[in-house]
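Here is a short report on one protein chain. Keep the sequence and the 3D view open as you read.

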Amino acid sequence: MSAPDNQTGTDTVATAEATSDAVLPQDGGTGDPALPDADPASVDAVVEPVDVEDDDEDEDTEDDEQGEGLLVREGDVAGDYLERLLDILDVDGDIDLDVEGDRASVAVVGGQLKTLIGPDGATLEALQELTRLAVAQSTGVRSRLMLDIGGFRAKRRADLTGLASAAAERVAQSGQPERLAAMNPFERKVVHDVIAAAAGVHSESEGEEPNRRVVVLPDR
């Protein structure tokens, strides 16, 4: 079984540049989007080194606390950035912050948010990358935070879970591989996770962005 794809910075940055102009106001004369500046790096944004302990358990606990603290910091920075962005766009919305596994999770809810989602979530993907870049500028650490707007990702996750489960059942019964529609990295990961939990099948990804897709195959 191949592991789910990781997003590449080059592809997501290109997506951000290509789609953000559609929803973000422009500065007069320069043509650059009038984005809010990321918070400048501050003392509390720096991850201080942890003293090496003789007790491995204590060291692991400290590492876990440090990692969770960084994720909380990422969420705070992202929340501030998105609040300023919503103000610039004159869009009403509330921001929910959470930590899910090894990622900060940020959701914008309420209000008229369709313009921030875009066709098939394209604008959402761009805004997620812009937010990650703002967080990285403030913390000095590459961010993998997940942004959802208007419940789009949550609904898409539920739809993909059903689609992947049905594909796994068909492949297990027929013994024939099945290629799914092209998906972005978030969608492919959802499918890979569902297939990994299914009996008698496994999954791989094939193709190049933006036409990369998941293939469900029978176990041999």
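Aspartate 159 is partly exposed, because its relative accessible area is 39%. (Buried means under 20% relative accessible area, exposed over 50%, and partly exposed in between, with a 1.4 Å probe and protein chains only.) Lysine 155 is exposed, at 56%. The two form a salt bridge, with their closest N and O atoms 3.0 Å apart. A salt bridge here is a side-chain nitrogen of Lys or Arg within 4 Å of a carboxyl oxygen of Asp or Glu. Side chains of opposite charge can pair when their charged atoms come close. Lysine 155 and aspartate 159 both lie in helix H5, four residues apart, about one turn of the helix.

This is a predicted model: local features need pLDDT of at least 70, side-chain atom pairs count only at pLDDT 80 or more, and totals for chains, interfaces and linings use all residues. Residues are numbered from 1 along each chain as its sequence is written, and side-chain values use heavy atoms, leaving out hydrogens and water.

**Salt bridges**

How many salt bridges are there by this rule? The count comes to eight. Three of them are listed here.

| Pair | N to O distance |
|---|---|
| Lysine 155 and aspartate 159 | 3.0 Å |
| Arginine 170 and glutamate 178 | 2.5 Å |
| Lysine 189 and aspartate 193 | 2.9 Å |

Arginine 170 is partly exposed at 41% relative accessibility, whereas glutamate 178 is buried at 19%. Lysine 189 and aspartate 193 both sit in helix H6, four residues apart. Lysine 189 is partly exposed at 34%, and aspartate 193 is partly exposed at 40%.

**The chain as a whole**

The chain has six helices and six strands. (These are DSSP runs, numbered from the N terminus: helices are H or I with at least four residues, strands are E with at least two.) Of its 220 residues, 37% count as buried.

Helix H5 covers residues 152-174, 23 residues in total. From first C-alpha to last it reaches 33 Å, close to the 33 Å expected at 1.5 Å a residue. (The expected span is 1.5 Å times one less than the number of residues.) Its buried residues are Arg153, Leu160, Ala164, Ala167, Ala168 and Val171. After H5 comes glycine 175, with a positive phi near 75 degrees.

Helix H6 spans residues 185-196 and includes proline 185. Proline 185 counts as buried, because its relative accessibility is 15%. Histidine 192 is also in H6. Is histidine 192 buried or exposed? At 2% relative accessibility, histidine 192 counts as buried. Its C-alpha is 8.2 Å from that of alanine 164, which is 28 residues away along the chain.

**The cores**

A nonpolar core is a set of buried Ala, Val, Leu, Ile, Met, Phe, Trp, Tyr and Cys residues joined through side-chain atoms within 4.5 Å. The largest such core has 22 residues. Among those with the most contacts inside it are Leu82, Val108 and Leu147. Helix H2 gives the most to this core, with seven residues. Apart from it lies another core, of 16 residues, including Leu160, Ala164, Ala168 and Val216.

Which residues does leucine 147 contact, leaving aside its neighbours within four places in sequence? They are Leu82, Val106, Val108, Leu124, Leu127, Gln128, Thr131 and Arg153. Contact means heavy atoms within 4.5 Å.
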